[in-house]
Amino acid sequence: MKKEMLNMSDITKHISWRRIWVWIIPFFVVVGIIFVGLISYASSYDRRVFPGVHIGDVHVGGMEAEELQTFLQKMNDNLVDAGITLEFYEEDVKQIVRIDPTVVSKDLFVELIRMDPAREADMLVSYQKEGNMLVRAWSALLVRVTKPRLELTSVTLDTERLTDIVDERLLPFSTQPRDAGVVITGLKPVSFE
């Protein structure tokens, strides 16, 4: 058997450039369509929260900044209306103590819990939107798939006043420490032999 050696001119005779272009052009067209689609998808959320974003269990994806700010303000108002509820058992009886998140006296109005809805809305709308358009397009797709659960960052607590109020409200349910009344008399030395 005689082995045939192919040289470069024989190889190029067998390659049909037309067949190669039939595969290359559609490949680049499909890649281009995907690329343009991702870019336009990400840019459609420039002024809105990426879909899939949650605050805890609440989905806020797709909301515009003003809509989100109104939603967060309503959440804050509901917190003020509902207050903070402490539930515990004392001698197998369920006790409920409600604490208002605002303290009002004749000279003073103090919010024990505050949130800045405008700042939160800005943070959520700008979530994962850093970098160039390609990075933002990838982030939009990633956020949609991973469905992140974010926490509010501008919530502040007046922990000192809140602690004082909780202590005051729970005082009737607490037992004050008292002397055990143990008296030791008649000690005898013990010998260790």
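Predicted model: local features only at pLDDT ≥ 70, side-chain atom pairs only at ≥ 80, totals over all residues.

Colleague: Okay, in what order do the three strands of the open sheet come?

Modeller: The order is β2-β1-β8, and the pairing is mixed. The edge strands, each pairing on one side only, are β2 (58-59) and β8 (149-150).

Colleague: And in which sense do β1 and β2 pair?

Modeller: Antiparallel, over two bridges, with β1 covering residues 54-55. Look for I55 there: V58 in β2 stands opposite I55.

Colleague: Switching to helix α4, which residues are buried?

Modeller: α4 runs over residues 117-125, and P117, E120, A121, L124 and V125 are buried in that helix.

Colleague: Why do they line one face of the helix?

Modeller: Look down the axis of α4: the buried residues fall within an arc of 130°, so they line one face.

Colleague: What covers them?

Modeller: The cover includes β1, β8 and α3, which is 65-82.

Colleague: Now the insides. How many residues does the largest nonpolar core have?

Modeller: It has 19 residues, and L68, L72 and L124 are among those with the most contacts inside that core. Helices α2 (17-43), α3, α4 and α5 (133-146) each supply at least two of the core's residues.

Colleague: What does L68 touch, leaving out residues up to four places away in sequence?

Modeller: L68 touches V49, V60 and M63, plus A121 and L124.

Colleague: And which residues are in the other core?

Modeller: That one lies apart and has eight residues, including I84, I113, L162 and I165.

Key
Residues numbered from 1 in each chain as written. Heavy atoms only, no water. Pairing = 2+ DSSP bridges. Helix = DSSP H or I, 4+ residues; strand = E, 2+ residues; numbered from the N terminus. Buried < 20%, exposed > 50% of the residue type's maximum accessible area, 1.4 Å probe, protein only. Arc of directions from axis to C-beta. Contact = heavy atoms within 4.5 Å. Core = buried A, V, L, I, M, F, W, Y, C linked by side-chain atoms within 4.5 Å.
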